[in-house]
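Good morning. I will go through one structure today, so please look at it on the screen while I talk.

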Amino acid sequence: MSHIIEFDQVWKIFGAGESETIALQNVDLTVETGEFVSIIGPSGCGKSTLLRLIADLLPPSKGDIRVNGKTPRQARLDRDYGMVFQAPTLYEWRTVLKNVELPLEVMRSAREDKRGRAVKMLDLVGLSDFQNHYPRQLSGGMQQRVSIARALVFEPTLILMDEPFGALDEFTRERLNLELLDIWAETHKTVIFVTHSISEAVFLSSRVVVMTPRPGKIARIIDIDLSYPRNFETRESDRFFELVTEVRETLKEEFTRGEIDD
Amino acid sequence: MRDASLVARIPTQWLRWGVALLLIALALFLWEGSKTFFNLPDYKLPHLAQIGEAFVRPTPQGPVWRVLLQDTLYTGLEAFLGFVLGGISGFLLAALFVHWKPAERGLMPYVVASQAVPIIALAPMIVVGVGRLGAPPWLSKAIIATYLTFFPVTINATRGLKSVDRDALWLMHSYAATRQQIFRKLRVPASLPYLFTALKISATASVIGAIIGELPVGSKRGIGVQIVVGSQYNTFNPGFLWATIIMAALLGMLFYGVVALVERRALHWKQE
Ligand SMILES: Nc1ncnc2c1ncn2[C@@H]1O[C@H](COP(=O)(O)OP(=O)(O)OP(=O)(O)O)[C@@H](O)[C@H]1O
Ligand SMILES: [Mg+2]
């Protein structure tokens, strides 16, 4: 196994002087190829920022980042990752199908069957009947599912997901969690998954990264030793509850410590 | 309840036409009413019948309405040429501004200044200058129309091309898209609502521009020439000036209507 992501003492500081915000403080993190890693932490602790650094959408202020053994920039140019943003970010002038085809269009992929690929991905997220709708005609949750289909359609090795299921109801969320695990198992992708939901993080991940409130540091990395494939029974197992409690306790500890520090 | 259902059963199309007809009737009534009430002489405000009569009066070249129609079409061609040239140059300028900041900072003051100069003062110079070069007479009019058209397009298109939000742009970066792809697949479509707002302003402005170009002495064709003639002979034939004004207004409305129609088609994803 090789390291697909390496953070070596990475800092991200926004602004300067009075308005300085330390978003990430001295982050060390290594992710192995094929892992499913969730990042959890209170709002504003730097989760999105962390993903954006991996994606080379923002540069780090200090420290070194490697993605697939390359600089983040090179990894981006090589189209190594697919990103699901916190907001659906669909192009409103394109139909659902056209939105999913967008990455294939931009990458001028040699793949003959753009349409076929896009249709298959829409099928996967349960939106086959909405191919010719425009984004404004979809609910928030449906829009987010389109954006997931769009991130998967060009089969990147690394998938970065920023609270992709945040806008969904519990049932759809659990169904998509299972779908996501299927895709992950089938395609041997690496997934970095930001979430607010403790149970979701535990259910999906091989490891959960718990972050502290601002300035964002890694408080603890918790191994999730539940066996794959996971299913509804997993959620009802004792070990599942133990791990959920462990993550919750860690979050709570860090939260109160943060308040005392202030 | 019964009344409501009755009104609901009238097709909306009919309602719209009904309201339009009512408004026209009201306008006609106000026109004739104020003429009587304020006792306005014909050269200030002719009777509606006089305007109608001016339209059908015979001339050696046929009835007046046909002559006016030909002049209006001529002006329409000049304006259309100016509209197209102004639209293209305005958009290209905006594209330049968006991709190269120094251009915007350096050129924008001149673009603004160009519009601060009264076009009435500038028009005769353009007409004479272009005429001296031996260019056909319609060219100088089209140039003035261009001059009035490009400005709203430049301003709005620049804004529109910049109106993409951060995540939409980041999405393109995450695909390692080229500048050209970002422009074509993101910036241009995002700018369309802004662009059409500008084009609707420009549609009527281009007609005004062409007409202004026809006003200086020496022009021979176009509805602007007829407006000049109409104001000179207003005391003898008070209906004629208004006939020319109506034709000019119809031309402007036609331009606007066509742009609005294209807009509806192009921006159907935005409707409802
Ligand atoms: N472009 C920016 N300029 C200045 N400050 C920023 C910028 N982006 C993020 N920040 C700051 O960095 C911190 C972390 O932001 P980030 O968006 O990464 O949080 P998050 O953990 O994703 O929160 P949430 O769960 O609410 O999405 C916040 O305090 C935010 O104010
Ligand atoms: Mg976030």
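First, the ground rules. This is a predicted model, in which local features need pLDDT of at least 70 and side-chain atom pairs count only at pLDDT 80 or more, while totals for chains, interfaces and linings use all residues. Residues are numbered from 1 along each chain as its sequence is written, chains are lettered from A and ligands numbered from 1 in the order in which they are written, and side-chain values use heavy atoms, with hydrogens and water left out.

Let us start with ligand 1. How many residues surround it? There are 14, and the closest are A:Ser43, A:Gly44, A:Lys47, A:Ser48 and A:Thr49. A residue is near a molecule here if one of its heavy atoms lies within 4 Å of it. By type, the shell divides into three nonpolar, eight polar and three charged residues. In this count Ala, Val, Leu, Ile, Met, Phe, Trp, Tyr, Cys and Pro are nonpolar, Asp, Glu, Lys and Arg are charged, and the others, Gly among them, are polar.

Oxygen atoms of the ligand come up in several contacts. A polar side-chain atom of A:Ser48 lies 2.7 Å from one. For A:Gly44, a backbone N or O atom is 2.8 Å from an oxygen of ligand 1, and for A:Gly46 a polar backbone atom is 3.0 Å from one. Taken alone, ligand 1 exposes 640 Å², and the protein buries 70% of that; such areas come from the Shrake-Rupley method with a 1.4 Å probe, and for residues only the protein chains shown count as cover. Strand E2 (21-32) and helix H1 (47-54) of chain A are the elements that give two or more residues to the shell. H1(A) gives the most, with three. Helices (H or I, at least four residues) and strands (E, at least two) are DSSP runs, numbered from the N terminus.

Next, salt bridges: a side-chain nitrogen of Lys or Arg within 4 Å of a carboxyl oxygen of Asp or Glu. In one of them, A:Glu155 pairs with A:Arg117, with the closest N and O atoms 3.4 Å apart. This pair links distant parts of the chain, 38 residues apart: A:Glu155 is in the loop between helix H5 (140-152) and strand E6 (158-162), and A:Arg117 is in helix H4 (residues 114-124), both in chain A.

Buried or exposed, then, for A:Arg117? It is buried, at 12% relative accessible area, whereas A:Glu155 is partly exposed at 42%. Buried means under 20%, exposed over 50%, and partly exposed in between, with a 1.4 Å probe and protein chains only.

A:Arg235 and A:Glu174 also meet in a salt bridge, at 4.0 Å from N to O. A:Arg235 sits in helix H8 (residues 232-236) and A:Glu174 in helix H6 (residues 170-187) of chain A, 61 residues apart. Both are buried. There is also a network of salt bridges linking A:Arg94, A:Lys98, A:Glu101, A:Glu105, A:Arg115 and B:Lys185.

Last, A:Ser38. This residue is in strand E3 (residues 36-40) of chain A, and counts as buried because its relative accessibility is 0%. A:Ser38 and A:Ser61 are 23 residues apart in sequence and 23 Å apart in space, C-alpha to C-alpha. The surface patch is nonpolar and includes B:Val19 and B:Phe29; patch residues have over 30% relative accessible area and no salt bridge, like charges being joined within 9 Å and nonpolar side chains (Val, Leu, Ile, Met, Phe, Trp, Tyr) within 5 Å.

Methods
A polar contact is a pair of N or O atoms within 3.5 Å; within protein, one must be able to donate a hydrogen and the other to accept it, and residues adjacent in sequence count only if both atoms are side-chain atoms.
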